[in-house]
Amino acid sequence: MRVKTSYICSECGYKSSKWMGKCPECGEWNTFSEQEETKKEKSSAKPVQLTLSRLKEVESSKSQRLLTGIGEFDRVMGGGIVRDSVTILTSPPGGGKSTLCLMVAYQLANAGYRVLYATGEESDSQIKNRADRILGDIADNIWILADTSMDAVLSAVGEVDPDLIILDSIQTFSLAEFYPARAGNPTQTMECASALVQCAKDKRRQRAALMIGQMNKNDEIAGLRALEHLVDTVLVLEGEGADELRGLLATKNRFGSTGEMGFFAMTEKGLRSIDNPSEYFITKRNRNELVSGSAVTVLREGSRPIVAEVESLVSQSFTPYPSRISETMKKDTLHTLLSILEQRGNVKLYDKNVVVKTTGGLFLKEQAANLAVLMSIVSSVKNRPIPPDWAFIADVGLTGELKRVPAMESRLKELDRLGYAKIIVAKGAAGQVVLQHAEVIECRLLQNVMAILTEFYSKMRD
């Protein structure tokens with residue numbers, strides 16, 4: 001046995017044979033810690049026994065899922081938690097990770113499943129206080145283990161025989177085998193996660209595992225990126241501590257759709273599923289309550305269409321360089337759209353400040369919102385309102401032509417369901433969709449859309 005000393009960065013896991021003040025990989029200072037590695041002498045290798053199968057002959061299995069009854073959580077997971085899966089959940093501090101895990105434990109326990117909740121961050125009394133505040137009668141089959149030893153967690157799994165294991169959080173646990181590396185060290189984190197994966201995927205007794213991962217200052221899971229590759233599902237709970245609205249995003253899911261998003265409202269009783277998130281992203285107005293600078297579009301969050309309101313404010317600039325401000329879309333995208341509007345729509349903005357945002361702070365990731373952004377700016381420049389029951393779904397090219405966007409049928413049907421009267425889309429985008437209430441208007445150019453608005457304003461004056 002030979003002992004070798006190496007130095008590992010606690011931020012990114014970079015390994016070096018000598019201590020360094022600054023990590024060459026991530027650029028952080030004073031993050032290297034000493035770690036001893038024991039290497040076994042080379043021995044004669046034993047022949048490996050292979051178990052080969054033809055892929056065509058392998059029997060496919062339908063993984064059983066544990067339904068929590070939390071609508072938005074189950075939908076993001078692809079229809080519940082797969083029994084032999086490992087999921088990692090992360091969010092900024094105070095985002096509601098522990099609250100969501102406790103709610104999942106409560107729902108599954110009430111459904112008759114056995115749950116082990118291991119916490120290395122809080123005491124069992126703190127967990128009980130939170131449970132008393134947000135839950136009802138607690139079922140008998142939830143066990144709490146307040147310890148930072150992963151060895152203790154594995155022993156508890158053998159004693160309790162749970163269907164679901166929750167670790168809060170993975171960076172607080174350590175295995176005695178890898179001392180003196182402390183908890184949070186990349187080696188300890190990866191080894192503890194690997195032990196959990198092996199436990200969950202044991203063919204003799206399959207279990208679901210849900211672990212919380214701390215988030216670093218770059219809004220990523222703390223530790224090695226290999227942690228995300230190790231697990232089956234990666235969930236990100238978006239939203240600051242003071243925000244009521246929280247979004248649950250699946251950035252990786254081997255058993256469902258990647259990019260699926262669910263919405264919750266943080267209340268005194270914990271996280272509440274939001275069945276109609278559109279109500280958080282539009283301002284409810286009557287048809288006679290007209291305001292300028294507002295336009296409606298439909299975005300896709302995973303497989304779900306969400307109606308969103310884009311607001312713009314255009315004001316006179318008294319400086320050589322007018323402001324272009326947007327917290328909810330890329331600045332380069334805003335500059336491109338303003339150039340299109342000036343050149344193709346003949347709207348002069350060289351001496352105007354332009355501010356764009358969305359109701360509820362929903363980020364405009366899709367090009368389907370581009371026409372609505374331009375129409376909200378036009379409405380603000382002319383100080384003339386757009387009817388609140390009109391909507392715009394199209395991308396706008398550099399030529400001023402409207403472009404079709406994916407999943408148009410579901411977007412149109414969502415607007416029709418909510419009672420919108422007119423929907424303006426690109427030429428040929430509506431296809432054969434049949435709507436009950438809404439009128440779909442197809443336009444080829446940006447100028448055509450502006451002409452429709454001009455005609456509407458003329459009728460208002462008359």
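Which residues of β6 lie on one side and which on the other, and are they buried or exposed? Val 86, Ile 88 and Thr 90 are on one side, Thr 87 and Leu 89 are on the other, and all are buried. Buried means under 20% relative accessible area, exposed over 50%, and partly exposed in between, with a 1.4 Å probe and protein chains only.

This is a predicted model, in which local features need pLDDT of at least 70, side-chain atom pairs count only at pLDDT 80 or more, and totals for chains, interfaces and linings use all residues. Residues are numbered from 1 along each chain as its sequence is written, and side-chain values use heavy atoms, with hydrogens and water left out.

**Strand β6 and its partners**

- Strand β6 covers residues 86-90; helices (H or I, at least four residues) and strands (E, at least two) are DSSP runs, numbered from the N terminus.
- β6 pairs with strand β10 (residues 208-213) in the parallel sense, over five bridges; two strands pair if DSSP finds at least two bridges between them.
- Thr 90 has Gly 213 of β10 as its bridge partner.
- β6 also runs parallel to strand β11 (residues 233-238), joined by four bridges.
- In β11, Leu 235 stands opposite Leu 89.

**Helix α8**

- Helix α8 (residues 370-382) has 13 residues and reaches 19 Å from its first C-alpha to its last.
- That is close to the expected 18 Å, which is 1.5 Å times one less than the number of residues.
- Of its 13 residues, 11 are buried, among them Leu 371, Met 375 and Ser 380.
- After α8 comes Asn 383, with a positive phi near 55 degrees.
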